[in-house]
Protein chains: 2
Amino acid sequence: MDIDYARRMSSVRPSAIRDLLKHGDDSELISFGGGYPDQALFPFDELRAVYSELLCREHGSVLQYTASDGLVRLREQVADRMSADGTPADADEILILNGGQQGIELVAKLLIDPGDTIIVEDPTFVGALIAFAPFEPSYATVRLDDHGMDTDHLAAVLKAGPGAKLLYTVPDFHNPTGVSMSLERRRRLIELANEHNLIILEDTPYRELRYEGPRLPTLRSLDTQGRVIHLNSFSKILAPGLRLGWLTASGELREKLALLKLAADTQSGTLSMAAVASYLTRFDIGAHVAGLRLAYRQKRDVMLEAIGREFPADIQFTRPEGGLFTWLTFPEGFDSARFAADTALPKAKVAYVPGATFFADEQHHNHARINFTGVTDEQINDGIGRLGAELRAVLAQRPIGVRGTGLR
Amino acid sequence: MDIDYARRMSSVRPSAIRDLLKHGDDSELISFGGGYPDQALFPFDELRAVYSELLCREHGSVLQYTASDGLVRLREQVADRMSADGTPADADEILILNGGQQGIELVAKLLIDPGDTIIVEDPTFVGALIAFAPFEPSYATVRLDDHGMDTDHLAAVLKAGPGAKLLYTVPDFHNPTGVSMSLERRRRLIELANEHNLIILEDTPYRELRYEGPRLPTLRSLDTQGRVIHLNSFSKILAPGLRLGWLTASGELREKLALLKLAADTQSGTLSMAAVASYLTRFDIGAHVAGLRLAYRQKRDVMLEAIGREFPADIQFTRPEGGLFTWLTFPEGFDSARFAADTALPKAKVAYVPGATFFADEQHHNHARINFTGVTDEQINDGIGRLGAELRAVLAQRPIGVRGTGLR
């Protein structure tokens, strides 16, 4: 049978992340691969109480269809939480999604014709590249350093390049590198977006997981023209298995995104939405997230200490103030994907995400993304120890460099 | 701010269904509009037991990320149920979705370039037209009668028309008309698809809700070349608020659809999937669906009797053997959308879906879709009584025609 696929399918290819998610259930491996929160910290008792309360005839509408935009009560709660975080929002601006990933896909569908340019950080979230692919974009990439996206470089890219429509960024505890965009650069980014008529997609799934340093304002709170679409999720602060995220957008952008949500899957799960709404009413999510911050800060510290102790000194890594990841930079010429396939997975029994997959344009092969939240302290010490031993063996002959973060 | 939307957005417009879903919570109205199952029949106790069991630390993975294709256990159960229904299926062919709607969107994304032709029934499911719209298809429409899609007309359309890629059909208790495709026509449709290299998207959300007459084989079970993508859902047999459907497809089609699912929203809700898997293990869904069939058959009978009693004789209606809907045909020149806005909603306080929205091509304004499953017997008798009184007043001056189903 000869199948005549849509042209866009030539841009859609299997991903490394998908293969990793497939191995998510394999208990033999220590995986620093996925962006998993710690399963032990999910609020089981509270959610059990909430589901038990809702699953009865009097609350029967929780199992029925509901409005495509999402439950009004949940949208109000989300808007209130955003406003409390310094990003004024109205329930009518919120659209409930099946996790943040759906928002990336909908925004690309809204804006991108084949060949249109999307500006992304270099590297950027691989899930965004996967969501963008069917819309056949071109990419312009912007350098990243310890203070996030380099807005001077962005200015140069915008000046030189063809008119870009959309800029995608993870300003807080960036995926994959862990770095955050400074306040000065956030302001500069908004200026540049206004100047060049860019829509910004601000993806903030890790925003509440700050372990140290001052909280920075969202891009949406700095936006004066309604050109920032803000994306967030309950996956990291409550549980990914509920599959609930949301976007915040203004006016016509929000209206058109709602039409695309309806077209894509009618609505998000009524029961999940009702359960989270009820959880937010009955329990103190702020206290829950404070607990996550304490636990994840500890895991981060264990991870960074283990890497510092076990890895050869010429492997650089970032020191994130929050979020889920640190980013490794191996010496030039080191191929982290080959090392994973030949050594890390079969010998050390350790998984990470090879860095090449995070680059929209020119791939760099000497990086890896390491997650520290989905693993125990023991797994961190064991896994990094095993990985370190193999790395020392492989890198033994190399000259010792100066340790840094590995970001330009 | 000047927003440069993607070209596809010129095809994406607000829908009548979306407005109806927004009114879904309004308790003043008697609504025959939505495709709602009866809320009173949801298995609350069983689902409460299932969620209570799962939401504990030992089952912690139900709140975590999982494989993008869906939980293996649920895919196995779905495959077993399909095989028992005469459609042999393997777990690897199943892809779990956020309801059937997502499958329509993914298949269009897989196959349709702007201008490509999709063949649909005339009328067809409005949700499919909404899902297709962003991919900018052309349509070829095929007549429908009491035996479903007219395959002679299809043969003529295929002979005359430009190469169509995709045919979308609801063969069992068609939405909106309620009719089912005969066995002979199912066979003929497969022949024509083979001849003309068509991919068939077979959408069967009502399949298990047969109230009388012999069960007919699915198109997928008659398919010999792997060109039928089968779509189904737990929305009508369990609960829509769980937001779980699935597709069944072979080989490369299935592989590529899985990549699009990953891109669209990473995965469906782990907790919903685990809950349905556990429900299927612990409880007898066959017995539950048998109960639904009894209840809905009764509602259908009450509805058809009420329409026959209360409506003027020149309004025709279909007599579905299953599913959720009957389809009204008013006399030529009657505008059901105007009547809804001017009379049915404000005076009779009754909602239905005006028929024009279900036509892909030339709209016919003298139809309406009437749902009978989401309402009580009392609501049916009250609502149809109120609607009938208004219709009699409006249609009093007209000549009395011969009553039929209103389908050509």
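Leaving aside neighbours within four places in sequence, A:T124 is in contact with A:L129, A:Y168, A:H174, A:N175, A:P176 and A:F358, where contact means heavy atoms within 4.5 Å. The model is predicted: local features need pLDDT of at least 70, side-chain atom pairs count only at pLDDT 80 or more, and totals for chains, interfaces and linings use all residues. Residues are numbered from 1 along each chain as its sequence is written, chains are lettered from A and ligands numbered from 1 in the order in which they are written, and side-chain values use heavy atoms, with hydrogens and water left out.

A:T124 is located in the loop between β3 (117–121) and α5 (126–132) of chain A. Helices (H or I, at least four residues) and strands (E, at least two) are DSSP runs, numbered from the N terminus. With a relative accessibility of 0%, A:T124 counts as buried; the term buried means under 20% relative accessible area, exposed means over 50%, and partly exposed lies in between (1.4 Å probe, protein chains only).

Strands of a sheet pair through backbone hydrogen bonds, either parallel or antiparallel. Two strands are said to pair if DSSP finds at least two bridges between them. β3(A) pairs in the parallel sense with strand β4 (residues 138–142) of chain A, over 5 bridges, and within β4(A) the bridge partner of A:V120 is A:T141.

In chain B, strand β2 (residues 94–97) also has both faces covered: B:I94 and B:I96 on one side, and B:L95 and B:L97 on the other, are all buried. β2(B) pairs with strand β10 (residues 245–248) of chain B in the antiparallel sense, over 4 bridges. The bridge partner of B:I94 in β10(B) is B:T248.

Attention may now turn to a sheet of chain A. Its 4 strands form an open sheet in the order β11-β12-β15-β14 (chain A), with antiparallel pairing. The edge strands of chain A are β11 (316–317) and β14 (353–354), each of which pairs on one side only. Between β14(A) and strand β15 (residues 367–371) of chain A there are 2 bridges, and the two strands run antiparallel; A:P354 stands opposite A:A368 in β15(A). Helix α11 (residues 285–310) of chain A packs on the sheet, where it touches β11, β12 (325–329) and β15 of chain A, and its direction makes about 15° with that of β12(A). Such axes are lines fitted to C-alpha atoms, for helices over the stretch in contact, and the angles run from 0 to 180 degrees between N-to-C directions.

Chain B has an open sheet of 4 strands in the order β11-β12-β15-β14 (chain B), again with antiparallel pairing.

Aromatic rings form a further theme. A search of the whole structure finds 23 aromatic pairs over all chains. Rings of Phe, Tyr and Trp (its six-membered ring) pair if their centres lie within 6.5 Å; planes under 30 degrees apart count as stacked, over 60 as edge-to-face and the rest as tilted. The rings of B:F132 and B:Y168 have centres 5.8 Å apart and planes at 85°, so this pair is edge-to-face. The pair links distant parts of the chain, 36 residues apart: B:F132 belongs to helix α5 (residues 126–132) of chain B and B:Y168 to strand β7 (residues 164–169) of chain B. Both B:F132 and B:Y168 are buried. B:F334 and B:F339 form a tilted pair, with 5.3 Å centre to centre and 50° between the planes. B:F334 counts as buried at 6% relative accessibility, and B:F339 is buried with a relative accessible area of 6%. In chain A, one aromatic cluster is formed by A:F132, A:Y139 and A:Y168.

Finally, the two chains may be considered together. The charged end of A:K256 sits over the ring of B:Y5, 5.0 Å from its centre, and the charged end of B:K256 sits over the ring of A:Y5, 5.0 Å from its centre. A charge sits over a ring if NZ of Lys or CZ of Arg is within 6 Å of the ring centre and within 35 degrees of the ring normal. Two copies of a chain are related by a rotation about an axis and a shift along it. Here, a rotation of 180° with 0.0 Å of shift along its axis superposes chain A on chain B (RMSD 0.0 Å), which is the relation of a two-fold axis. Copies are superposed by least squares on the C-alpha atoms of residues with pLDDT of at least 70 in both.
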